[in-house]
Amino acid sequence: MIPVRHAVTASTEKIIQPIEPTIMSSSDMTIHLKIWRQKNAESKGRFETYTLDNVNEHMSFLEMLDVLNEELIENGDDPVEFDYDCREGICGSCNLVINGRAHGPKHMTAVCQLHMRNYSDGDTVVIEPARAAAFPVIKDLVVDRSAFDRIIEAGGYVSVKTGSAPEANLIPVPQKKANQAFDYATCIGCGACVAACPNSSASLFTGAKIGHLNKLPQGQPEKQQRVLSMVAQMEKEGFGDCSNYAECEAVCPVGISISAIAEMRREYLKALFDN
Amino acid sequence: MKLDSKVPSGPLEEKWDRHLKDIKLLSPNNKRKHTVIVVGTGLAGASAAASLAELGYNVKSFCIQDSERRAHSIAAQGGINAAKNYPNDGDSIWRLFYDTIKGGDYRSREANVYRLAQVSNEIIDQAVAQGVPFAREYSGLLDNRSFGGAQVSRTFYARGQTGQQLLLGAYQAMMKMVHAGKIENHTRKEMLDLVVIDGKARGIITRDLVSGEMEKWTGDAVVLCTGGYGNVFYLSTNAKNANVTAAWRCHKRGATFANPCYVQIHPTCIPVSGDYQSKLTLMSESLRNDGRVWVPREKGDKRKPGSIPEHERFYYLEEKYPSFGNLVPRDVASRNAKIVTDEGMGVGATGKAVYLDFRDAIKRDGRDAIEAKYGNLFDMYENITGENPYKEPMRIFPAVHYTMGGLWVDYNLMSNVPGLFVAGEANFSDHGANRLGASALMQGLADGYFVIPYTIGNYIADTDLAAVDSNHNAFAEAVSNSKSQIDKLLNINGDKSVIHYHRELGKIMWDKVGISRSREGMSRAIEDIRALRDEFWQNVRVPGEANYYNKYLEFACRVADYFELAELMALDALQREESCGCHLREEYQSEEGEALRNDEEFSYVAAWEFLGVNGKLETTMHKEELEFEFVELKQRSYK
């Protein structure tokens, strides 16, 4: 792709247009990678270094790893395993820790939505799995996050059976409440909050589900049991407690507010006293 | 083979109710004695698993992701249709039915589509009761917006994340039943075969994606909810792990595959930027409510969009289709994008893009209003392209998005293999030759919450299901089949990667079995597919081993199936000598380039029976004639 310049004459003034934004340069960058390799949960891991010299700025970060893997396979080496699926920032599969930061440098961006234009030629990039006692490594950068599912299983729902629902508009929800509920419900369950937390706490994840359902009239009947069960499960899974570092909020790719944790604590205390 | 649709008799409006009245019930005591295997945990799978478990069945659920919540339904953006008629704009069950059948270009089964429209309202009720945070008006009541192919506002939405919210609702319903001990859930397990005993589906084989172990599972019925096959094109809007393997293996065990050539190409995706591209990102078509699609009138015009004056902009959809304008159905929008770019009016570095411009909407409603509606989509666009769509128009281009074809099912959503039910995108049932926007979520949840739970009861009550155990020979044979395929793939040790072959296959499919198709192109595609498939089996390099987490081995098994499916798609597109919906045959179009259907000869479902692969795919086609008792077939017009 060759950058094109255009001169356009408007009235008598001659204006030189800037480079057309849709035509971008595609010079290749060299990127040095230090990647955590670990055969399985039992074995010890280590960092391996790789250098890629054909990284294009329009590539996504994961596409850069795809390119690395193609090279590794060609050389007869084992490719680097990492979780991904939608590559649109919504499924929550990807969860790399890049240069010490879950999901990498870009605010409110899942790593699959991170593009190499955020890096410069010659950069060294360290890639690690989302580490936590409750997230054991499966291989390389792939971890087991099933603890999150068990937290939801403990009470992250409204117990309504199929077919027993009333007419939808019989349950009005003030727009503001609906929006607040949505802000919590948007959690993608990626686990970045846990990886970023010095205590490996799952409070943001758990609080987000509690916050979502508690904001809504539908969530009221079960709210005390919900918070007690989910918090108990969170502890059982080996996640730490929250000490208000707020690292979770800083790395959350969808911007879940730490107020979720306050909601959870408030509900928890209320539930404790009421029971 | 006779394909019996088992559509109940009687007036259209009464068919489902009559059927419900007639079908057999199982008492709670008896439900407890039966096990249903549900494969896939998207909207169809999660809703079916939850609902079946609530009824008392023992459910075994499987998904390939690390959590049920990550199934690809999560990525659906725009919304879900229902015939609530809250806006009082004249909507009704009939109209939703009619729009869907017309949108599908009269290539779907009337009775199934009518039922879909009937249960649509219950889906909204169910989702709201679960706490799905749909958009609301200031009154606190539910808001609606309009979508392509409809002149009413019937789409319920949750910002641009409707699929996510509906899936989380279904997932949570499912986890509630896991907690209750009625669902045994298995993640990171991929179904590799269907086990058929005495002519009935009695189990599945899975591969544990972490340990590589092959496992056998028995059941009284299998519900396949494993989505579509758009990834046969390599580049599509589907998630990277979405695949046809489970459905294809059922096909190889006798389930007919219907209308494989019906592939929806979504008009509003972010264009390809380079060879490394791993997937395409959809921008919800809800954007077409406010965005205006245009290209410069002059070919090769490289000026910045903002410098192109109004009269030099070709708003081709608004000009050609004044009554639907930018909201024409997806197939029409995609085809027209191809036409203008083929004529050289495309924009961007590759010329393979058109503009979707919000300038006028921002002027009319203000930036805040547009941000409130589409904020996350605009952010996503900026993240990927590095451009700000509030200031510059988006560049968009069509991409493979959804597959209307799938395993053939009758009115009960059961395939021709007794006991194998198929729901959601994996079946062919409701969308004909083209799916309207916001109808996929509706169908997945209709099938899972409100159809399968009833029809499966009828099957189980009506069928002699002697106990089977996993020591049966059929299980051993299935395991050894799958194992030997894996061994074969690992031992080829050639010099090209799986991704290389997948990408090459995708190019053949996009060029010749994509937006427009010709007899000549497809005949060539078939030869190319066969040649590439042979090369794949001789020269692919699959790294690592079978007994640990090995993503490229998973891909290799899936690509092997795509190579067979691809040939079937081309064969199906070749035999359908008409244009309908998304299937545009260059030989069959009007002078204005509109699709020309041939109802006399092609008003049927093409259901293919697998016979074998021997250098070429051996297959035979069975027809289910489509009978239209209640709607009059018309040439679609959105002018």
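Reply: In this predicted model, the C-alpha centres of domain 1 of chain B and domain 2 of chain B lie 31 Å apart. The two domains also touch, in that 21 residues of domain 1 of chain B are in contact with 23 residues of domain 2 of chain B. The domain assignment places domain 1 of chain B at residues 23–239 together with 413–462, domain 2 at residues 265–398, and domain 3 at residues 474–625.

A strand that can be followed in some detail is β13 of chain B, which covers residues 292–296 and is mostly covered, with 4 of its 5 residues buried. Strands of a sheet pair through backbone hydrogen bonds, and they may do so in a parallel or an antiparallel way. For β13(B) there are 3 bridges to strand β15 of chain B, residues 354–357, and these two strands run antiparallel. Within that pairing, B:W294 stands opposite B:Y355 of β15(B). The strand β13(B) is also joined by 2 bridges to strand β14 of chain B, residues 313–314, again with the antiparallel direction. Here the bridge partner of B:P296 is B:R313, which belongs to β14(B).

Another group of strands in chain B forms an open sheet of 3 strands, arranged in the order β3-β5-β4 with antiparallel pairing. Its edge strands are β3, at residues 80–81, and β4, at residues 145–146 of chain B, each of which pairs on one side only. The strand β4(B) is connected by 2 bridges to strand β5 of chain B, residues 153–156, and the two run antiparallel. One position that can be looked up in the structure is B:R145, whose bridge partner in β5(B) is B:T155.

From the strands we can turn to the open spaces. Rolling a probe the size of a water molecule over the atoms shows where empty space is left. The largest pocket has a volume of about 1,100 Å³, and its lining is made up of 47 residues, among which B:R159, B:Q161, B:G375, B:N376 and B:L377 lie nearest its centre.

Two or more residues of its lining come from each of three elements of chain B, namely α9 (330–342), β16 (394–403) and α14 (498–512). The most is given by α14(B), with 5 residues in the lining of the second largest pocket. This lining divides into 12 nonpolar, 6 polar and 7 charged residues.

Of the 275 residues of chain A, 55% count as buried. Among the contacts in chain A with a separation of 6 or more, 68% are between residues 24 or more positions apart.

Key. Residues numbered from 1 in each chain as written. Chains lettered and ligands numbered in written order. Predicted model: local features only at pLDDT ≥ 70, side-chain atom pairs only at ≥ 80, totals over all residues. Heavy atoms only, no water. Buried < 20%, exposed > 50% of the residue type's maximum accessible area, 1.4 Å probe, protein only. Pairing = 2+ DSSP bridges. 1 Å grid on protein atoms, 1.4 Å probe; cavity = no way out; pocket = protein on both sides within 12 Å on 5 of 7 lines; lining within 4 Å. Points joined across faces, edges and corners; volume = space filled by probe spheres on them. Nonpolar A, V, L, I, M, F, W, Y, C, P; charged D, E, K, R; others polar. Domains from an automatic or database assignment. Contact = heavy atoms within 4.5 Å.
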